Amino acid sequence: MTSEPTPPIPERPLLRGDRVWLRPLEERDLPAYVAGMNDAEVGGMAGYKWPLSVAQATAWLQRTQEQSRSGELGFFFAVCEVGADQFIGTVWLKGVNLVDGNAELAIFMDRDHIGSGYGTDAQRALLAFAFKNLGLQRVWLTAYAANERAIRSYERLGFQHEGRLRQSWRGPRGLEDTVLMAILRDEWLQAGESAKGSPTAD
Ligand SMILES: CC(C)(COP(=O)(O)OP(=O)(O)OC[C@H]1O[C@@H](n2cnc3c(N)ncnc32)[C@H](O)[C@@H]1OP(=O)(O)O)[C@@H](O)C(=O)NCCC(=O)NCCS
């Protein structure tokens, strides 16, 4: 792994929520990223099924950065607390489709930052980026039906339930369901979320 210089922490980050800000995922984040991926309560709940090494993650990040220079393939962010630069989670917009105006959201926070609102706040910042900066019309996701905390977080942000994919993953209790949820631009505006977590907010 190459050692990169750490940029100064911005006083007014471009992409921020109330308590977190987003910056590109970098190689220096990968040990923490891999630890999250390999944790059943973190990466496991986000759909990762087998262990990942730092070397594999490094190769993936380099490939992804190369392919997604235009941003069309996706935006992968590290989540940091405001005023700090340490990775506490990651949030992504995947499969950005600028023609049809949609993308998929994925997220995991590290174990120490679950259940205290950081993840919900990070999604707020990402949704503002998706709807304001990219001009998307729809952001969608899937979640394990058993992942009540994640679903509650999505509902709070204004995501609507669109469907249920029955017996679509093999979980601890055997085959389990997945839910499909999405938020449209108008719903995001109506939920009042556009006033929060804004790229232009102070
Ligand atoms: C899912 C995730 C991003 C949610 O972000 P978060 O900041 O931890 O969520 P919050 O703390 O805002 O909690 C969201 C809601 O769930 C509730 N909640 C917290 N823990 C819960 C639990 N164990 N079971 C059910 N609900 C729970 C909270 O009370 C809150 O509801 P409220 O707004 O009505 O009070 C984060 O928990 C995470 O990264 N989890 C691990 C990986 C993962 O599951 N990723 C999503 C894959 S689809």
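In the predicted model, Ala-130 touches Leu-93, Ala-103, Leu-136 and Val-139, residues up to four places away in sequence being left out of the count. Ala-130 also belongs to the largest nonpolar core, which comprises 48 residues. Together with Leu-22, Phe-77, Val-79, Ala-122, Leu-126 and Leu-127, Ala-130 is among the members that touch the most other residues of this core. Helix 3 makes the greatest contribution to the core, supplying nine residues. In soluble globular proteins, nonpolar side chains tend to be buried together.

The strands are arranged in an open sheet of seven, with the order 1-2-3-4-5-7-6 and mixed pairing. Its edges are formed by strand 1 (20-24) and strand 6 (160-171), each of which pairs on one side only. From one strand to the next, the twist averages 30°.

The ligand is surrounded by 21 residues, of which Met-45, Gly-119, Thr-120, Ala-150 and Arg-152 are the closest. Two or more residues of this shell are given by each of strand 4 (102-109), helix 3 (118-133) and helix 4 (148-157). Helix 4 provides the largest share, with six residues. By residue class, the shell consists of 10 nonpolar, seven polar and four charged residues.

Technical notes:
Residues are numbered from 1 along each chain as its sequence is written. This is a predicted model: local features need pLDDT of at least 70, side-chain atom pairs count only at pLDDT 80 or more; totals for chains, interfaces and linings use all residues. A residue is near a molecule or strand if its C-beta atom, placed from the backbone, lies within 6 Å of it. Helices (H or I, at least four residues) and strands (E, at least two) are DSSP runs, numbered from the N terminus. Ala, Val, Leu, Ile, Met, Phe, Trp, Tyr, Cys and Pro count as nonpolar, Asp, Glu, Lys and Arg as charged, and the others, Gly among them, as polar. A nonpolar core is a set of buried Ala, Val, Leu, Ile, Met, Phe, Trp, Tyr and Cys residues joined through C-beta atoms within 7 Å. A residue is buried if 20 or more other C-beta atoms lie within 10 Å of its own, exposed if 12 or fewer, and partly exposed in between; C-beta atoms are placed from the backbone. Two residues are in contact if their C-beta atoms, placed from the backbone, lie within 7 Å. Two strands pair if DSSP finds at least two bridges between them. Axes are lines fitted to C-alpha atoms, for helices over the stretch in contact, and angles run from 0 to 180 degrees between N-to-C directions.
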